[in-house]
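I opened this model to learn how its chain is laid out. These are my notes, in the order I looked things up.

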Amino acid sequence: MRLRDKVVEYSHNPRFVALAIFMAFMLVQFVCGVVYAMSKQVSIVDDKGEEISFITYASNTAEVLAEKNVILGELDETSIPLDGKIKDGDIIYIYHPKVITFENGKDVAVMATAKPTVRDFLVSQDINPEGSITVNVALDEKVTEDMTISVTYVEEKIVSADEVIEHNTQKVANSSMLSGTTNVVKEGSDGLVNRVYKEYYENGELVSRDVVEETVKVSA
């Protein structure tokens with residue numbers, strides 16, 4: 001039998017046709033599965049309240065924004081870095097700059113920031129939010145237009161000092177002496193006490209101190 005006859009024979013064989021259809025079906029299923037696996041449900045949320053959700057095959061944030069013709073301003077920031085890999089279900093937040101007043105210790109500046117929270121802003125200024133500071137607003141509060149963020153640097157010190165206790169001189173009146181005069185019965189001497197203080201500073205200035213320990217070295 002010639003090869004051509006074999007091909008004709010197979011093409012008319014129901015089993016061959018069924019196998020061919022099955023293989024084609026599996027190929028389509030495989031291709032669809034790959035395409036589906038590459039697709040991702042993504043949302044873009046603007047801090048002005050705008051939101052869009054869509055299916056994308058983009059691999060990173062920059063590609064997603066370009067796909068939707070989203071152009072970032074010079075100071076705009078995104079919750080996922082522009083080169084960050086996008087996964088199914090991701091939400092890309094876009095933050096626009098707000099003008100705030102920043103009181104950093106004794107320094108005051110008016111500036112723009114796109115950081116979403118007070119905590120994020122402090123980190124951007126190389127300030128440890130968990131450090132020895134107090135802040136006038138909650139760390140997780142959202143940064144808003146015209147907000148004032150005030151950072152006070154606090155410090156506690158333990159200091160020790162020897163201090164003089166002024167002596168007392170005992171005087172008594174003598175009936176045999178002239179009126180208005182006294183007689184020294186005992187001449188006192190200065191004493192010495194060691195006091196340990198806990199001092200409280202704000203922005204480098206002493207605001208209060210408390211005695212935490214006292215030891216008399218020489219009685220007055």
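The entries below go from the whole chain to single residues and then to a pocket.

**Entry 1, ground rules.** I am working with a predicted model, in which local features need pLDDT of at least 70, side-chain atom pairs count only at pLDDT 80 or more, and totals for chains, interfaces and linings use all residues. Residues are numbered from 1 along each chain as its sequence is written, and side-chain values use heavy atoms, with hydrogens and water left out.

Of the 220 residues, 24% count as buried, where buried means under 20% relative accessible area, exposed over 50% and partly exposed in between, with a 1.4 Å probe and protein chains only.

In which order do the four strands of the open sheet stand? I read the order as β2-β1-β4-β3, with mixed pairing. β2 (51-56) and β3 (77-78) are at the edges with a single partner strand each, so one side of each has no neighbour in the sheet. Two strands pair if DSSP finds at least two bridges between them. β1 (residues 40-46) and β4 (residues 91-95) run parallel and are joined by four bridges. Asp-46 is placed opposite Ile-94 in β4.

Is Thr-78 buried or exposed? Thr-78 counts as buried because its relative accessibility is 17%. Its side chain reaches the backbone oxygen of Ile-80 at 2.7 Å. Leaving aside neighbours within four places in sequence, I list its contacts as Thr-61, Leu-65, Leu-72, Ile-92, Tyr-93, Ile-94 and Tyr-95.

Asn-69 has a positive phi, near 55°, and is a residue other than glycine. I located Asn-69 in the loop between α3 (61-67) and β3, and its 67% relative accessibility makes it exposed. Asn-203 also is not a glycine and has a positive phi, of about 50°. Asn-203 sits in the loop between β11 (191-202) and β12 (205-218) and counts as partly exposed at 22% relative accessibility.

I came to Thr-152 through Asn-203, which is one of the residues it touches. Thr-152 is in strand β8 (residues 148-165) and is buried, with a relative accessible area of 16%. Not counting residues up to four places away in sequence, it also touches Ser-132, Ile-133, Thr-134 and Glu-202. Ile-133 is 19 residues away from Thr-152 along the chain, and their C-alpha atoms are separated by 5.5 Å.

Which strand gives the most to the lining of the largest pocket? That strand is β4, with three residues; β1 and β4 each supply at least two. The lining has 13 residues, and those nearest the centre are Asp-47, Tyr-95, Lys-98, Pro-116 and Lys-142. I noted a volume of about 230 Å³, the space filled by probe spheres set on grid points joined across faces, edges and corners. On a 1 Å grid over the protein atoms alone, a pocket is an open set of points where a 1.4 Å probe fits, with protein on both sides within 12 Å along at least five of seven lines, and lining residues have an atom within 4 Å of a point.

Key: Polar contact = N/O pair within 3.5 Å; in protein donor to acceptor, adjacent residues only side chain to side chain. Contact = heavy atoms within 4.5 Å.
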